[in-house]
Each structure stands twice: as structure tokens, then as C-alpha cells.
Amino acid sequence: MTEIGMYGQQETRQRVRPRPAWDYLGIALLGFGLWVLLVESNSFYSSVLATILIWTIATSGLNIIAGLGGYPSLVQGAFYGIGAYGSALAMKWGQPFWAACIEAVLAAGILGLIVGLVFSRTRGQYFAIGTMFTGLVVSLVLSNWQSLTNGLLGINVEFGFGSINQLNVVIPAAAAFSLMLVRFVSRRRLGWRLLTILEDEDLAEHIGVPTARTKLTGFVLSACVGAVAGVLIAQYNGTISPDLFDYYVGFVMFVALSVGGAGRVLGPLLGSAFIVGTPDLLNLSSGIGLLLAGIIFVVVIIVIPGGFMSAIDAVMAAASRSVRR
Amino acid sequence: MLIQAAVNGVVLGSLFALLAVGLTLTYGVMEVPNFAQAGVITLSAYAMLWLNQTAACPFWIAALGGLVVGGVVSVLTERIAYRFVRTRPLAAPVVALGLLLILDNTALILFGGDHVSLSPPYAGDVIYVGSATVPAVGVALIGTTAVALLALWLFLQRTKTGRAIRAVSQNAEAAAILGIRLERQYIVSFFISGILAGLVAFAYGPMYAVYPYMADAILLNAFVVVVLGGLGNVAGAAVCGLLLGLLESFGAIYVSAAYQNLFGFAVLLLMIVLRPAGLFTNRSRRVA
Amino acid sequence: MRRVSNDRLTILAGTALAAALLLAPSTPSRADDAKTVTVGAILPITGFLSTLGPPERDAMQMGIEDINKVGGFEVGGQRYTLKLKVLDDESNPATVGVTAYRQLVDVDKVPVLVIAAGTRNYQALFRRSPLPVLNILDSTYPSILDVDKHVFLLRSDTPAYVPGAVWYLKNVLKKERIAFIGAGADPYSAGIETWVKKAAEEYGVKIVSVVNYPLNTTNFAPFIQAAMAEKPDAIYLGGVTQEVLPVAKQLFQSGIRDLPVVHNSGVTPTQAKQIIGDPLYNDVMANNYDFAGTLPETSDNPATKKFYKDFVTRFNQYPSDLTMWAYDTPFVLVGAMQKAGTVTDRDKIYQAMLGMPVPANTISGWIPADGGKLFHDRDAQTMSEGIGWCSDKKTIAPVFLYFMDGLKVTREKVVADACKDH
Amino acid sequence: MTEFLEVEGASKTFGGVRAVDGMDIKLAEGQICGLIGPNGSGKTTLLGLLSGTYRPDRGTIKLRGQRLDGLSTHRTVQQGVARTFQTSRLFFRWPLGANLAAAAAARLLTSTGDDADGGQEKLLALVGLAGRGDVVCSSLSNAEQRLAMLAVALATRPHLLLLDEPAVGMSPAETAALGQVIQRIRGELGVTVLIVEHNMHFMMGLADRIVAMNAGRKLAEGTPAEIRGNPDVIAAYLGS
């Protein structure tokens, strides 16, 4: 079975006779497993895992525009930052937590809309460069607008949940939802439209796909999901400062997605686990840790262009062949 | 005041131009945004420092050794990594970032994270231009850039290899059909770009300090220059480098020093929106 | 391109993970060696504060070795030795430091945490698992002491030394027009700026220009130009060593060589040589003045002199005021644990620390608060000192000793011919 | 009576060059019309104006009385205009069937939902690619790719089909088969076809009418026989 078939000829059938949602059940189970892991492990490992899950949310958001649509957005770190700063500031100004969340996500969505409109005509590396510098401008504002953001000192974040246990449930749940969202979108109109843009944007337009609107929708959705991750990291760390959202964070998120497997539902989880988890868990000195990370980026991108997910595909395909034999 | 700002701008602009031509050269032939250039500069600077201080070579010999190291490291990045992603433009930035991490952290592990100083014999001298003062290291930077750009221009215009590189830069497929050996041009371009990185290390190292991330921040400015000049356009990069240097220098004096870098970034973003192909090119093949 | 569906994989992974977790016994926590107490510290070993962290680490190690050499210390009839565990925050507390914090506090379960930068970034963590925290570096203003009641500062705060520098400029060097060049993004620099302004107003000195350069600036020419436009007769630089020295160097390279350059960086000759470069550093430093805590090398106390010699011999580097304070840190911890009668109960140790006296064998010359207590409102203080540069010996020498009482300079002693004496 | 396609005074300038300069064309429904002219005479640009790839600087384009000029490409497609390209363009990494389904689904948004599934096999049979729906497009032969592109264009259910040199790279036998396919498209689906083609022999046998262009303007119009004898056309081709 190919995924292509799913948004192709079977699309119309699916509406009549929906398939059992095994994928969603699987992701839900995975989320449950991660929750158990989160509460069972000691606080250090738990914090690493929580960070991985929050990154999974941010990179899942990125997966929509970059994985499905093929647009190398390097500004996801800025949306992540706006989610964090937006919610923290809104709470500081007296908003209740839920309202602060919505406002932060809306703010990121609006910025996403503006950035999406501004770069609507650029493609490929120009899009990458444009979004990278947008991220740079956002991070410069976060560190230099002292009166708003308190500069490099950062600001403390009011805790919006009843207890840390609640947050420990919300984080894996949100991560699982973000994976489900990508799974959902990829089989819906927006998803296959993005996939036609990934393949050949001009041709997509010529078969009637409204490419500009599709990209914009995808980009705004990516931004909003990124902001949700930002809200959660602010809640989890209890403090935020601009270097958490430096311009290269957007870049590293793109790398995480590429390493995990762009366009694949589980790609963000694997990529985030790898990029965030490896340096912390191996407890390497920063020089050697980053050197190793660099080597692995390069090797993974060169040797397995589709990221870890495609490597897993290859292994599973080989396994199923040998079973049949 | 005005003259001093102009002089500062030319010094800064020379730095951007020198850095940007190296970036744009490799972009031209291979379409990789070579962020690893910053790492090449770092390693080259440390090589100069090591030769000068530990191996006790005279400064000029050390500088020459550092240039060679720059060239070799740059070629290595192409041989080990970039050549595998030539046909995958979206993988190139990721590989470039990975290489930058590798090079910077190699420096960190070998030499530590401290700021150290590369001291040429003229480090303390000052030159007076009318009412303005220019540090000798700034004059050296302007001189290095001028000589390097001239040499690069002559090389690209007058030599067979140079013309081949320009041909590849304009259209790699056509160049290959005409019998130009692409592999060779890639290696030569990366070697030259590494030498240019070495020159940045030589000229910029004495101004601030040598440390593993010494070139990361200015690389972003140089990238602005590369995009403004038109990706792959050497002359455009040189001119835009100077323009950006002057813009930032005057902007710092007359508008706001704190947002100095922002001027360049703002111009870049405007540029991408209004004229996506760059200032000095009519090529539009990379955009809608 | 064929894409295999994620279905099977997701289910497999999810169920396997869930099953493994439910079946697997929870990992037992590692039992600590009962007779060793871990001194946990998060220090900037790399990054822009990397001139500060490593000597502090080395000095703490020396202090711990000196305690262990005499058989450790006794609490509740049991003898303990100390061991040091330092994690690098890469000068980036909000991302790297937060992880290091959880490792030391929650996994290693240190009784007291020693930190340098990033106090504010740990605020939420302090609240989740409170423990006494000893900051041995961060004198930024507004003071980090307001972050949490568990935070102690084992050093003099910015208001305790910055005004003395302005006083010295006015009364000894007879300067009236100060240009301030600060590191815009560095809160330490911002705190210095605040107190330079307060002191200037108090002593009747004019601040003719204030410029702040942004993060990652490497070319200071436009900022120097802006500062010099107002024709100052002295230059005040805000920031730490790695921020201050490059500006001093570029000032010199721009031909500005006659004005005194004042800062609060605690720079050592070794660092000056390394960062500015040989032989230039001797010329650049010639008119520099550095106001901070007292230096071990200028102390009259034999124990302090011995520390100075030992440190130089061992690390081939001059110790700064911070280094000396770091050496005292394990002694303060031991004092607190002995007073509390426990090496594990964080709250008891915290209570003990609040009222502890100046511990024995410390070398920094702590000036006790009322009742002989080490901490004045959780801040331990020493005399402050201004140092100048001796070009013929390529080293530093004290030119001014003082103790701030509000904005009033007290116990002041101007050393007239510092380089000859020293 | 409104014409099926009515182009009046369409003009397009690229960087100072007038690629199309005041073109008028009228097409009746169900016609197969050929568009010929020397290289650079503006044929492909005109096709681009009709398909919404470019917007005209001046002039109007009406399909069944509805204005097309000024519409974005995808809106034009949704109004019932589809095109193919000089070089093969497909979603190469996908199976042919997925290409057709994507095209059909894009169209479904504005028209009533036809059975995309049954239509697909019919379409493949119509262009002579029956049973090839599962093949990944990059592994189709050149001629197959050109037919596949035709099928994808048809899957958007167009009223007007614009073909840009459909026979490029085809053997004489394949070209002849293509001619039959185009006849069937007109015959079975009632689609009006406008073809740009250099192969005059192919064109003469296929087209009902031919429009000859030169330097962005209409040079002549008429039946194949009339055009063949037109001295202006001959002069334009031989060069004057």
C-alpha cells in the first residue's frame, strides 16, 4: 500500500467508508507510553523527555509546511518564542492562563500570516534565507526590547496549571495530538494540496490547486502549532530568555525534522529525540557533544536522505521480505 | 565625524565584502549556502595563532600557513560532505550547519573556548586620515580586501580555470556538455574560498579576538551581502559588502547603535520581497 | 517514491513502549557514598563568561583539597570529605543551565547548590525544589538576592564597588567628564551603568555620553566614535573581562591613549595578555583602572598570600577576587553543615546559613555583619579595591582601598606610588 | 451569440519585448485549432495567457462569455481551461493514478462531484494508457509521459485544452497515434483543443482551422489549405 494512494483515488472512497483509525490509536498508545515514561523516570531524564516532547510539537508544526509542502521554513523558532513570550506576558498583564494561551497562539498565527504573505513569491533557498532572517529579527527584538522582554535576563512565567502532574499529562498529550494532526492533515485536502506543491508547484497551480492560499494556510497552521510548543516550554521551565529562541533554534528544528524524516508523522518525534536528547543523555562536554551532533547531522543527511523514518522503512521492508521467504 | 563614520564604514564594508565573495563563489558553482565558511575562518585563525605562538614562526610565515590550512579545510568540506548533496538544494543548508558545528567545535576541543589575540607587528599602530583615525589593522583589512578582490577578478577573467568556474556558475549542465570538468572546478572554487576565509582570519583576527565562534555573527552580515548582491555574483557581493558596511556605520551614528545589525537584515528582507533575484542580476530562475 | 504507511510502526512502537514501561521495575536510585558530600556547582566554563568559570572551579577544587587534606570535617560524630562536581552552563543558563540544575539538584541531590550566572532563570526551579543556593559570581544590579529567599551571594554586590571608581576618578585623577561604553545586552553592564550615574550625581561628575553596543559586536569603532564625540576626559567600560578588553584594545588602536579607562572586570595580567595579545597588552593596559573586590595578591593576610602563591604555581595564572571567594566557598558550606548538624537536610542547612559566623580558615577577609554573621541580608562582603597597571613589571597593583557605606566612601586608602610599593 | 472562446487585443510584454501584441482569436466549441508561427512569434506566451500562467497587460479573454483575463492560474483551471507543457511535467515520484486523482480532486472543488474513480480508467483508456495507473511517472517512457500529461490535463475536466507541442520527441508512429487521441478527445469529451505544434504535416491533418502568428501578431487565419497557400505565412517561415 502506498501513502500516495490514500490522497489519490481512495480519497473519495474514504468519505463513504472510513477506515478504522488504527493510526490514531497507535499514536494515542505511544502518547500513553511517553506519559508513563515521563512520570516514572527521575526528574533529570523526565526533563529531557519533556523537552523532547515539546520539540516534537514544534517540529510537527513545521512538518506541515516543510514536510508536506516542501517549504524550508527556518522561522519556526520565532513562533516557538512568540508562544512562550506571548503567553508569559499575557499572564503577567493579568490574563487567565487559557486566554493567554489562545492569545499567544493567535499572535503567532498573525505573524505567520504576515511572514507567509511577505514571502509568498519566494521559493527554495530564498524562502529559507528570508525566513531565517525573519527569525533573526524576532530574536533581536526579544533580546533588545528591554522594556517588554526584560532583555537577556528573561522573564519568569506564572504557572498556569493546577500542579506539575497536570503539566506532565498535558505535554505528552499535546505531543500525541500534534502527531495526529499531521496524520490528519496529510490525508485531507490541505495535506495533498501541500504534497502537490512539494512535488511541482507550477504544475499544482495548473491542475487547479490554489497554491498561494494553500501555502499560507499551511504556514499559519505551522506557526500556531509552534506557538503551542512555546506555551508549554514556558510553563515547564518556569522561565524564558531570548537565547531559548535564538534564530538558530529555527534552523535546528528544521534539522531535527530532516533527520527524523520530513513529511512523516513520526519524523518529528525521532528527530527531536535525537537532536535534543543525545547531548543531554550522553552527558558530553559541550565541545565533543556538538562535534558529534554535527557529524551525525551530516552523515544522516548524506547517507539517509529521508531521515530515520526512511531507514526504518527500509529495515521493515527487508524484514517483511525475509519473512515471506 | 562624517569622515570618521565613512572610514569606519569602509573598514566594516571591506570585511563584509571579503567574507561575502568567498561565500558567493561557492554558492555560484554549487548552490550551497556555505555557513561552514565561518568554521574555516576559525580554524585558519587558530592555525596562524598556533604557528605564531606555539611553533614560534614569524607572523608572516604563520599567516601564510593559516591560509593554506583554510584552503585545505575548505576543500575537505567539499570532498567529505557537500559533493554528496549537490543535487539536493534543500539538504545543503543542513549539511552546512552540521559542518559549521564540526569545525567550530574542533577548534573548541583543540584550543579551548578562551578569547585569544592574534598580534601582527602593526597591531598597535594608528594611521591618520585628515581628522579621522584608522587603526593599522583596519588599513590592513582594506588592503587585503582590495588585493584579494583584484586578484580574484583577474583570476576569473583572465585564466582558463577562472573562465571555467564562471561557466559552471552560470550553467553547470551546459558547462559539463562543453567539456569542462565539474569536479575540478568545485575543488578549485572551494580552495579559493578557503584561501579567502584564511584572509578574513588574517585581517579580522587582530581586530577583535580569535575564539571558536569568532566568525559566526559576521557571517550573517556577509550572508545579507551575498543575497543582496545576487547569489553567486562576485562583483555584486563586493559592491554590496561596501554599501552594507557604510549603511551600518552611518546607521549606528545617526539612527541607533543598538540595532546596527538590524539595518542590514531589514534591507535584506525588503530586498527578498521587492526584488527576489538580488540587486545585481536579472536572473529570476530561482523564484516564482 | 514509495512511502510505507506509519500505521504498523506507530502501533508497534506505542505498545512496546507502554508494555516495557509497565513491566520494567523502576530503576533504583544510586546509593551515594555515605562519607562523601558532593559540592555541586554550575559554572560558565565556556561561552562569553569563560574567563570567570574555570578559575573559580580550580579555586573550589583547591579549597576542597585543603579541607580533605586535614581529614575532612565532622558533622554529628561522622567524618565526611568533599568532592566537587562542576557542570558547564556554557554561559547559557536558560537552556543549558536549567538542565544542569535538574541533574545536580534532583539526581545528585546536592545539599547546597553553587551557581554563577543565571539566578533568575532558575527561579521557578527554586520554588519547585527549594535548597540553599550560593552564588559566587553574579553581582548584577538589581541584585539577584530578590529572586528567592534561598539565594545567598558570596561576594560584594555592584553598589559596593562601582561608586568608589567614580569617586577615585573625581578626587584622585581629577576627571570630570566620563563617557560610558557598555555591553547593551549584559545585565551586569546595565547595573554598572546605573551606579556610575548615581555616583556621578552624588560626587558632581558629568556623564557626557552613554553608548551601549549590542550583543555579538566585534567592531566597536562606531560606538567609540559616538562616545568620543562629547570630548570626555575619562572612559568607563561596562561588562565582564571578555567584553571590556576588546573595547580597551580597539580604543587604543583608534589612537585614544591618554584617557584613563575604568572598568569593573577583575581582569588578571594573564587574561590581558591572552585577550589583547603580546606585546600590545602592556601598552593597552597602561591607563586602565579596575575596581572590584580585593585581590589575593595584594592582601596582608599570610593565608591569603599562600593561596595566591599556590594558585599561581599550580595554574600558572593570577587569581582574582572571584577566585579567592570561590576558594572560600567549600569552607562556607562546611561551616553551614556543621552548624546545621546535617549534610542532607536542605532546610536546616539553609536556616544555619542565615545566621552562620565567618567560617574558620577563609582567606577573603569577610567583613562580618552585626552579631559576627557572615551574611549581611544574605550578602557576604569584603573590602573593595581599585587596581592600576604597572607597565615596567607588566602587572597590576592596588591603587585604592575602600568600603562603601551607601554612596559614602569609607575606610578609604589611596596608594600613591603603587607600582613602587608592590 | 457569444463565441466559445473570444480573445480581443491580448498583449503581453516581457522586459520591453512585446511577446504578444494585440492578438484576436475566436474559437467555436468543439473545434481543433492549430497555432503556428516561427520561433519567438509568441505562440507559447499566448497559450500562457489563455491558461492563466501569465496575465495579459491589455486585452480581454472570454470563455463562454466569462472573463478569464486577470484570473489566477488555478481559477482559470477551475473555469475549465487546462494545458500541457513543452517539456513533460508530472508529479514524477507519484504513480500516474495519483496524478490523475490529484487533478480530479482539485477540480471537484467547484464542479459537482463526479466519480473520479471510474473516470480515471476511462481517461487512461482514452489516451491509450489503460492499465498504467499504478506505474510511477518517472518510469514511463517519453511518449507515455506526454500522453500522461494529456490525461492529467483532462482529469481537471476542461472545456478548453491547450497543448504546447504535444508531439515533441515522438516517433512518426507515436505522433500518428497522438493525432487519433486528440481526435477522440474532441469526439468523446467534446473538448475544444488549441494546439501549438511545429510539425506542419501533423497539424494539417488534424486541425479544422489554423491561426498563424508572427512577431506577436496574427498573420493569417483559415483552413489548413488556405494557410498552406498564404504568401505571408510562407514569407514568415522562410524569413523575409
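**Helix H10 of chain A, a mostly covered helix in the predicted model.** H10(A) spans residues 189-199. Eight of its 11 residues are buried. They are A:Gly191, A:Trp192, A:Arg193, A:Leu194, A:Leu195, A:Thr196, A:Ile197 and A:Glu199.

**The hairpin of strands E1 and E2 in chain B.** Strand E1(B) covers residues 126-129 and strand E2(B) residues 132-135. The two run antiparallel, joined by four bridges. B:Val129 faces B:Ala132 of E2(B) across the pair. Two residues lie between the strands. One of the turn residues, B:Gly130, has a positive phi of about 60 degrees.

**The open eight-stranded sheet of chain C.** Strand order is E2-E3-E1-E4-E5-E6-E13-E12, and the pairing is mixed. E2(C) (73-75) and E12(C) (375-376) form the edges. Each has a single partner strand, so one side of each lacks a neighbour in the sheet.

**The parallel pair E1 and E3 within the chain C sheet.** E1(C), residues 36-43, runs parallel to E3(C), residues 78-88. Eight bridges link the two strands. In one of the pairings, C:Val39 has C:Leu84 of E3(C) as its bridge partner.

**Helices H2 and H12 against the chain C sheet.** H2(C), residues 53-69, lies across E1, E2 and E3 of chain C. H2(C) runs at about 170 degrees to E3(C). H12(C), residues 321-340, also packs on the sheet. H12(C) touches E1, E2, E3, E4 (113-115), E5 (133-135) and E6 (151-154) of chain C. The direction of H12(C) makes about 30 degrees with that of E2(C).

How values were computed. Residues numbered from 1 in each chain as written. Chains lettered and ligands numbered in written order. Predicted model: local features only at pLDDT ≥ 70, side-chain atom pairs only at ≥ 80, totals over all residues. Pairing = 2+ DSSP bridges. Contact = placed C-beta atoms within 7 Å. Axes fitted to C-alpha atoms, helices over the stretch in contact; angles between N-to-C directions. Buried ≥ 20, exposed ≤ 12 C-beta atoms within 10 Å, placed from the backbone.
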